[in-house]
Number of protein chains: 2
Amino acid sequence: MTNTVGTIRTGGTVAVVRGEEELVRGTSHLFAAATDIACAAIDLRTWSAARTESGIRAALCGRDGAEVRLRKVYRPNVLLDPVSAAHLREIRDVRGAQIRITPDEINETILIDRRIAILAGDPRLGERSFSIVTQPEVVQGVTSLFDAAWRSATTVDAYDARIAELRDIAPQVLDLLGRGVKDEAAARTLGLGVRTYRRRVAELMEALGASSRFQAGVRARELGLV
Amino acid sequence: MTNTVGTIRTGGTVAVVRGEEELVRGTSHLFAAATDIACAAIDLRTWSAARTESGIRAALCGRDGAEVRLRKVYRPNVLLDPVSAAHLREIRDVRGAQIRITPDEINETILIDRRIAILAGDPRLGERSFSIVTQPEVVQGVTSLFDAAWRSATTVDAYDARIAELRDIAPQVLDLLGRGVKDEAAARTLGLGVRTYRRRVAELMEALGASSRFQAGVRARELGLV
DNA sequence: ACGCCCTTGGCAGGTTGTTGCCGATCGCCG
DNA sequence: CGGCGATCGGCAACAACCTGCCAAGGGCGT
């Protein structure tokens with residue numbers, strides 16, 4: 001990894017840090033000065049460490065007032081977890097953040113003032129590596145990709161409305177799936193038609209970004225929904 | 001729960017504790033004096049707290065020498081995790097514990113000298129409740145059930161041999177499943193026939209005690225195999 | 001070489017899951 | 001009341017998954 005970065009590096013414009021605490025320590029000053037932050041994330045875990053850090057907290061959430069433009073793109077699954085959904089609403093209402101939802105596979109990405117990009121690598125040894133990029137060409141490219149994703153994403157309100165009723169029965173569906181109950185029996189248990197039960201499962205899988213039930217099981221467990 | 005226990009209780013022969021630390025604190029003296037311990041467990045997590053506690057550690061693992069009869073029944077999944085498998089071999093070789101594997105659904109159970117039974121309840125709020133039973137009739141019943149499970153279980157060596165080759169490719173299969181790859185493509189990726197790939201998946205599911213792929217996904221994630 | 005045992009993978013037939021389609025039903029609003 | 005939109009659930013076609021069967025090979029001991 002470091003090697004690859006080494007070959008790409010063209011004058012110290014790419015830095016790599018390991019682990020979230022290190023990232024927070026190294027970038028809090030960047031957030032503190034930012035007026036435009038764009039952020040793509042698959043869940044709310046990434047910044048759990050950051051959020052407890054008061055310095056970056058203010059920056060991430062809108063420093064002192066309003067002049068910070070905050071855009072966040074999440075995967076649908078954040079709306080399945082009541083706690084996450086509530087947190088989303090909070091940062092939207094209190095901080096004025098714009099929040100959208102995308103069904104696309106997105107990497108964890110942060111853009112600061114369209115001048116600095118932070119990309120998350122794969123989690124290794126429990127800690128993820130983060131690449132902090134300042135090279136204009138790269139940041140430009142990442143920014144345009146983010147903007148595209150942003151445009152194609154739907155607002156959280158629209159999405160929230162679509163899965164409002166899903167959230168109610170999701171726990172029961174997940175429980176049945178997790179116990180290996182067949183669709184036939186599960187539908188009867190819930191007093192639904194098999195077709196409707198499968199509809200729920202499909203919606204659930206879409207929300208989890210899963211293309212197979214195995215994958216859905218993994219994701220559900222990752223999110224602590226089972 | 002407490003209510004139910006209250007109605008069953010017939011003179012203080014059933015005690016309920018919440019959480020593993022409390023259990024360890026309340027029962028270490030029982031283990032210390034035991035000469036016959038039988039234990040059914042689905043993984044090695046339950047006694048992670050206990051194992052760090054020196055008092056109960058000696059008791060669980062054979063106190064000072066040999067006069068303790070130690071029987072343990074596990075689910076097949078312990079053999080999928082190299083670390084767990086190694087630990088199993090260790091307590092077998094060093095402590096002389098008899099270890100068997102059963103494909104049946106078993107509840108976490110501990111029997112001490114055929115006079116005390118400890119049954120694990122369902123995990124709630126992150127902590128499990130444990131019922132400590134001394135009433136002879138109940139302990140007798142639990143003991144006979146355990147003995148039956150013990151007899152029908154296979155020795156760890158026999159089982160280990162059966163899934164030796166499975167363990168080698170399990171990580172790859174789990175990875176492919178976890179990425180939602182279809183059987184067709186997954187088989188090609190591994191250079192296997194579809195039939196053989198599905199055989200692997202079936203063995204994996206059996207080892208995980210799962211009857212559906214969703215359930216397998218959940219279990220695999222629980223065990224940190226994905 | 002021969003027989004033996006095991007693994008492999010194609011085939012076939014079954015079950016389970018996935019999805020589009022469409023009529024039935026219900027609540028809502030003009 | 002009639003229209004409208006949304007959801008529901010049966011049906012059907014299809015895809016994916018599961019499994020018994022069996023022939024084809026690959027070691028391995030004799």
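The structure is a predicted model, in which local features need pLDDT of at least 70, side-chain atom pairs count only at pLDDT 80 or more, and totals for chains, interfaces and linings use all residues. Residues are numbered from 1 along each chain as its sequence is written, while chains are lettered from A and ligands numbered from 1 in the order in which they are written.

A residue is buried if 20 or more other C-beta atoms lie within 10 Å of its own, exposed if 12 or fewer, and partly exposed in between, with C-beta atoms placed from the backbone. Contacts are judged in a related way: two residues are in contact if their C-beta atoms, placed from the backbone, lie within 7 Å. Among the contacts in chain A between residues at least 6 apart in sequence, 71% join residues at least 24 apart.

A:Phe31 lies in helix α2 of chain A, which covers residues 20-33. A:Phe31 counts as buried because it has 22 C-beta neighbours inside 10 Å. From A:Phe31 to A:Val218 there are 187 residues in sequence, and their C-alpha atoms are 33 Å apart in space.

After α11(A) comes A:Gly224, with a positive phi near 70°.

What is the angle at which α10(A) and α11(A) pack? The angle is about 60°, and the axes of the two helices are 10 Å apart. Here axes are lines fitted to C-alpha atoms, for helices over the stretch in contact, and angles run from 0 to 180 degrees between N-to-C directions. The crossing of α10(A) past α11(A) is left-handed, a term used if the near helix is turned anticlockwise from the far one by less than a right angle, with right-handed used if clockwise. On the side of α10(A), the contact is made by A:Leu204, A:Met205 and A:Leu208, and on the side of α11(A) by A:Ala216, A:Arg219 and A:Ala220. These residues divide into five nonpolar, no polar and one charged. In this classification Ala, Val, Leu, Ile, Met, Phe, Trp, Tyr, Cys and Pro count as nonpolar, Asp, Glu, Lys and Arg as charged, and the others, Gly among them, as polar.

The helix α11(A) also takes part in the meeting of the two chains. This contact takes 16 residues from chain A and 16 residues from chain B. In chain A, α8 (164-178) and α11 (213-222) each supply at least two residues, and α11(A) gives the most, with nine residues. The side of chain A that touches chain B has seven nonpolar, six polar and three charged residues.

How are the two copies related? In general, two copies of a chain are related by a rotation about an axis and a shift along it. Chain A is superposed on chain B by a rotation of 180° with 0.1 Å of shift along the axis, at an RMSD of 0.1 Å. That is the relation of a two-fold axis. The superposition is by least squares on the C-alpha atoms of residues with pLDDT of at least 70 in both copies. Because 100% of the interface residues of chain A are also interface residues in chain B, the copies meet through the same surface.

The DNA strands complete the picture. The largest share, four residues, comes from α10(A). By class, the surface near DNA strand C has four nonpolar, three polar and six charged residues. For DNA strand D, the largest share of the surface, four residues, comes from α10(B).
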